[in-house]
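Please open the structure in your viewer and keep the selection tool at hand. The stops below say what to select and what is there.

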Amino acid sequence: MKERLREIVDSFHHHNSPDMARLIFGLDRDTVYDALVVAPSFTPMKLQMEGEAAVTVLRESAIVGGYLVEKDGRKIAWIKTSSAASNCIDHMAVCAGLNIKKLIFVGAVGALRPGIEVGELCTPSYSIAGGYALTYLKDSIRDFTPFERVEPQSPLADRAIELAAAEGWELKRASVFCTDSIAAEYFHLEEIRSFGTDLIEMGLLHHG
């Protein structure tokens, strides 16, 4: 865990239960999970994973859900969150104390350029912050940088592209504009296009 996240989580736990992951998602902080999947609005059942793995519903509501996905001796913790970076940050902070080996973010995006078809798989080359939530991860909330460009720091994307190719899937790199509003984004769509990104989404900036 990065030092800044540790400070944020410690402060959060000072005013809340240290076992929020169990209370909200039914996840056990003493269990070693091979991965944590964070998926705004998506569940393993929505992606029809029951035929490929054992799926256990741990907690479920209209907004959030916690699931355990097991296959070939591996345990994957899966959380469904609502959309928007603020929701993702809050729910991922809740899960920061879990014992996980990898973090996987899964979301749906819209294309801003022609040539990107429905059903294609992408991983961010960079993201443009179209909201304010990212600032809460900084030293001061006064350090707001409008439309900040965020570069992925993890080398895992290259490995994911290789693994996908080995299974016959194409995983593309694409730039993403992160919006804070679905309803209002259409009014600003041409302005959003001027940033030159390939995709638009309402989830979490890919900076980890």
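The tour goes from aromatic rings to charges over rings and then to the nonpolar core.

This is a predicted model, in which local features need pLDDT of at least 70 and side-chain atom pairs count only at pLDDT 80 or more, while totals for chains, interfaces and linings use all residues. Residues are numbered from 1 along each chain as its sequence is written, and side-chain values use heavy atoms, with hydrogens and water left out.

**Aromatic rings**

The structure holds 5 aromatic pairs. Rings of Phe, Tyr and Trp (its six-membered ring) pair if their centres lie within 6.5 Å; planes under 30 degrees apart count as stacked, over 60 as edge-to-face and the rest as tilted.

Select F147 and F177. Their ring centres are 6.4 Å apart and the planes meet at 35 degrees, so this pair is tilted. F147 is in the loop between β9 (121-129) and β10 (149-150), and F177 is in strand β11 (residues 171-178), 30 residues apart. Helices (H or I, at least four residues) and strands (E, at least two) are DSSP runs, numbered from the N terminus. F177 is buried at 4% relative accessible area, whereas F147 is partly exposed at 43%. Buried means under 20% relative accessible area, exposed over 50%, and partly exposed in between (1.4 Å probe, protein chains only).

F195 belongs to the loop between α5 (189-193) and β12 (199-201), 48 residues from F147.

Next select Y132, Y136 and F144, which form one aromatic cluster.

**Charges over rings**

Select K46 with F42: the charged end of K46 sits over the ring of F42, 4.7 Å from its centre. A charge sits over a ring if NZ of Lys or CZ of Arg is within 6 Å of the ring centre and within 35 degrees of the ring normal. Then select R149, which lies over the face of Y126 at 3.6 Å from the ring centre.

**The nonpolar core**

Which residues touch the most other members of the largest nonpolar core? Select F25, L27, I79 and C95, out of 16 residues in this core. A nonpolar core is a set of buried Ala, Val, Leu, Ile, Met, Phe, Trp, Tyr and Cys residues joined through side-chain atoms within 4.5 Å.

Finally, select V37 in strand β2. V37 is buried, at 5% relative accessibility. Its contacts (heavy atoms within 4.5 Å) include I76, W78 and I104, not counting residues up to four places away in sequence.
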